[in-house]
Amino acid sequence: MDAISPLRVVLVLAVAVALISCEVPRPRYAQPSSSAPVAEPSPASALPPAPASPSVSSPASSPSASSSPASSSAPPPPSAAVPVVRRATGAFTAAPGGQEAPSAPHVVRYVVEVEQGLPEAPEAFAADVQRILSDPRSWSHTGDVAFQRVAGTDADLRVTLASPETVDALCAPLNTAGEVSCFANGRAVINQARWELGVPHFSTGLTAYREYLVNHEVGHGLGHQHTPCPGPGLPAPVMLQQTYGLDGCLPNGWPATTGG
Ligand SMILES: [Zn+2]
């Protein structure tokens, strides 16, 4: 029998917290049975238009590429030609292989998985996630935590790339509206539409947005709550809901930048 480590306790608590703290406006969930319309920011208002049908479509443009001066030197989105699949199979393939973790007081074992029917290869998505979580600017920057990617089922959390409709199912009762991502039930659920399209206001490019997306949702898995923009022109905390907007902050995907 395994002893219950403090980290696992933290992660269990984090899951409970994250059920009310992902990238979804909270009012809707605070009043789930309200019959009155709830005035809340529309996730879609700040996001590229998502194709409603057919279930597979190609992005017509690169929303995070060259629409602003700050992104003029950024490389084009690496996967701009990858289609967004609105609804895939609901089954997942875990990326094979893994990595050893650096020494740290707490080692988070995570599995990377991709919904079957999506065009992204699990190995490629896992390589991106592993690069992000292993970066010294990620959550390991404090020295308290390290990440170990594993392929089996004995993991502390999962990083899941899923089609928008599957995201909605995995994140329920949170309302991800087919547009945004969440952390729920031990899963950092990454919406494939956002992974491929980013958001227009993230002027540092799609790769930087992906770094934000993974660090933000995994941050929920570590128990971190949303954090406001500390002031205009300052780097955004990674736990700011940057998919919706920056509130005057500069886009940032790394916890170490702001000491988060
Ligand atoms: Zn969040």
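**View 1. Val189 and Val214 in the largest nonpolar core.** Of the 49 residues in this core, Val189 and Val214 touch the most other members. Helix 6 (residues 206-221) supplies the largest share of the core, six residues. A nonpolar core is a set of buried Ala, Val, Leu, Ile, Met, Phe, Trp, Tyr and Cys residues joined through C-beta atoms within 7 Å. A residue is buried if 20 or more other C-beta atoms lie within 10 Å of its own, exposed if 12 or fewer, and partly exposed in between, with C-beta atoms placed from the backbone. Helices (H or I, at least four residues) and strands (E, at least two) are DSSP runs, numbered from the N terminus. The model is predicted: local features need pLDDT of at least 70, side-chain atom pairs count only at pLDDT 80 or more, and totals for chains, interfaces and linings use all residues. Residues are numbered from 1 along each chain as its sequence is written.

**View 2. Surroundings of valine 214.** Apart from neighbours within four places in sequence, valine 214 is in contact with Val129, Ile132, Leu133, Val159, Ala188 and Ile190. Two residues are in contact if their C-beta atoms, placed from the backbone, lie within 7 Å.

**View 3. Glutamate 211 in helix 6.** Glutamate 211 is buried, because 24 other C-beta atoms lie within 10 Å.

**View 4. Helix 3 against helix 6.** Helix 3 (residues 122-134) packs with helix 6 at an angle of about 70°, their axes 10 Å apart. Axes are lines fitted to C-alpha atoms, for helices over the stretch in contact, and angles run from 0 to 180 degrees between N-to-C directions. The two helices are therefore roughly perpendicular to each other, a label for angles of 65 to 115 degrees. Asp128, Val129, Ile132 and Leu133 of helix 3 meet Arg210, Glu211, Val214, Asn215 and Val218 of helix 6.

**View 5. Helix 4 (residues 164-171) and its cover.** Six of the eight residues of helix 4 are buried, so this helix is largely enclosed by the rest of the structure. The buried residues are Pro164, Thr166, Val167, Asp168, Leu170 and Cys171. Their cover includes strand 4 (106-115), strand 6 (157-162), strand 7 (182-184), strand 8 (187-191) and helix 5 (192-197).

How values were computed
Angles under 35 degrees count as roughly parallel, over 145 as roughly antiparallel, 65 to 115 as roughly perpendicular and the rest as oblique.
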